[in-house]
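Please look over the sequence and the model shown here before reading on. The report that follows takes up helix packing, the sheet and some backbone details in turn.

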Amino acid sequence: MTSQDDLFHPVIELPEAVRRARYNRLVGLDSMKARLRKEAALLADPRLLQAWASRHHGGDVAALALFADRSPLFVFTGDVGSGKSALAESFGCDLADQLDLPVFLYRLKLATRGSGLVGEMTALIGDAFTHLHAEGRRAQGPRGANSVLILVVDEADAFVQSREAQQMHHEDRAGVDAFLAGIDSLASAKIPVIVVLCTNRVGALDPAVMRRAAATFTFTRPDTQQRHAVLTQALDGLAIRPETIDKLVVLTGPSTDRSGYTFSDLTQRLVPAAVLHAFPDHPVRDEDLLALAEQLEPSPVFTEEH
Ligand SMILES: Nc1ncnc2c1ncn2[C@@H]1O[C@H](COP(=O)(O)OP(=O)(O)O)[C@@H](O)[C@H]1O
Ligand SMILES: [Mg+2]
């Protein structure tokens, strides 16, 4: 059995200040956050739904049975740099506040194993779920959960590809099957474990994985308002004129010959580039920001290469 350190990055207890701030800074994801808050709370503590039914419908409600067999899986798909990882690793802060329980964030070490031997990935995924099972059972007290575990499987592109895509690549499907088995076992065990799977490959996602998901969230590039909000937040304190921000919003949007900026193009490329351009001799100037926005190419739109 693989040790916890080989399976997961260091486990983080939420809420935690840095991640809470990151969660709050995420722009334009409010409806996703709201849905996730409800879904996650119900997966972690199904009794909340019974309490709601008693309060508002006086008891037995047939629809509750539909919730009982749902898998504790959320799928985050969509464009790169659009907040999938950021939300996956921070929504536990909100969940912790809401349930008033500690939430433990487990992040599977997937990157190190893509090229591994056949069977290796399968074994590691199996071990990861076995581990979560044990921890999850401990988190389930006689009067409900005393903590919640979130497993984030990030950059899961390689192992959740559909059968067809895998065959084209002559790869092994065992990883997906191990993952599905793990999800199913969690669903039947009724322990407070939630799995979030992040992938950039919407199209190639295995249908069996899609079917399991309690909810699938699709992340996109920011629209005009969202670019405005992100830029205003990121440029705060630099005394940039509101007209300049308006111009930047237009420059970083889609045009006839190219797509618009991603969220991370704004926060991790444009604004840092402007700061580095100014550092160390002069302040960030409006005209430099505008010039940079004209030069910087947005990240290419992720396309399936098969
Ligand atoms: N909705 C958003 N609002 C504000 N900033 C965002 C948003 N989405 C992404 N970012 C910025 O982009 C960075 C990268 O996002 P990330 O979650 O890693 O993208 P993904 O996992 O979808 O590729 C974040 O750390 C954050 O700075
Ligand atoms: Mg990511």
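Angles between directions are called roughly parallel under 35 degrees, roughly antiparallel over 145, roughly perpendicular from 65 to 115, and oblique for the rest. Axes here are lines fitted to C-alpha atoms, for helices over the stretch in contact, and the angles run from 0 to 180 degrees between N-to-C directions. Helices (H or I, at least four residues) and strands (E, at least two) are DSSP runs numbered from the N terminus.

This is a predicted model, in which local features need pLDDT of at least 70 and side-chain atom pairs count only at pLDDT 80 or more, while totals for chains, interfaces and linings use all residues. Residues are numbered from 1 along each chain as its sequence is written, chains are lettered from A and ligands numbered from 1 in the order in which they are written, and side-chain values use heavy atoms, with hydrogens and water left out.

**Helix packing**

Two packed helices are described by the angle between their axes and the distance between the axes. The table gives these values for two pairs.

| Helix pair | Angle | Axis distance |
|---|---|---|
| α2 (residues 17–25) and α7 (residues 91–99) | about 105 degrees | 8 Å |
| α8 (residues 120–139) and α10 (residues 174–189) | about 15 degrees | 8 Å |

Helices α8 and α10 are therefore roughly parallel to each other. Their crossing is right-handed; a crossing has that hand if the near helix is turned clockwise from the far one by less than a right angle, and is left-handed if anticlockwise. On the α8 side the contact (heavy atoms within 4.5 Å) involves M121, T122, I125, F129 and H133, and on the α10 side it involves A174, G175, A178, F179, G182, I183, S185, L186 and A189. These residues comprise nine nonpolar, five polar and no charged ones, where Ala, Val, Leu, Ile, Met, Phe, Trp, Tyr, Cys and Pro count as nonpolar, Asp, Glu, Lys and Arg as charged, and the others, Gly among them, as polar.

The other pair packs at an angle of about 105 degrees, which makes α2 roughly perpendicular to α7. Here R19, R20 and Y23 of α2 meet F91, C93, D94 and D97 of α7, and the residues of this contact divide into three nonpolar, no polar and four charged.

**The sheet**

Strands of a sheet pair through backbone hydrogen bonds, either parallel or antiparallel. In this model six strands form an open sheet with mixed pairing, in the order β1-β3-β6-β7-β2-β8, two strands being paired if DSSP finds at least two bridges between them. Strands β1 (12–14) and β8 (215–219) stand at the edges with a single partner strand each, so one side of each has no neighbour in the sheet. Neighbouring strands of this sheet are turned by 20 degrees against each other on average, direction ignored. Helix α3 (residues 30–44) packs on the sheet and touches β2 (73–78), β6, β7 and β8, with its direction at about 155 degrees to that of β8.

Strand β3 (residues 103–107) pairs with β1 in the antiparallel sense over three bridges, and E13 has F104 as its bridge partner in β3. Strand β3 also pairs with β6, in the parallel sense and over five bridges, with R107 opposite V152 of β6. Four of the five residues of β3 are buried (under 20% relative accessible area; exposed is over 50% and partly exposed in between, with a 1.4 Å probe and protein chains only), so this strand is largely enclosed by the rest of the structure. Strand β6 (residues 148–153) runs parallel to β7 (residues 193–199), joined to it by five bridges, and L151 has V195 as its bridge partner in β7.

**Loops and backbone details**

Which residues does S147 touch, leaving aside residues up to four places away in sequence? They are L101, P102, F104, A139 and P192. S147 is in the loop between β5 (144–145) and β6, and is buried at 7% relative accessibility.

Most residues other than glycine have a negative phi, and most peptide bonds are trans. E155, in the loop between β6 and α9 (163–168), has a positive phi near 50 degrees and is exposed, with a relative accessible area of 55%. K190, in the loop between α10 and β7, has a positive phi near 55 degrees and is exposed at 51% relative accessibility.

The peptide bond from L14 to P15 is cis, with omega near 0 degrees, and P15 lies in the loop between β1 and α2. A cis peptide bond also joins F279 and P280, with omega about 0 degrees; P280 is in the loop between α14 (263–278) and α15 (286–295).
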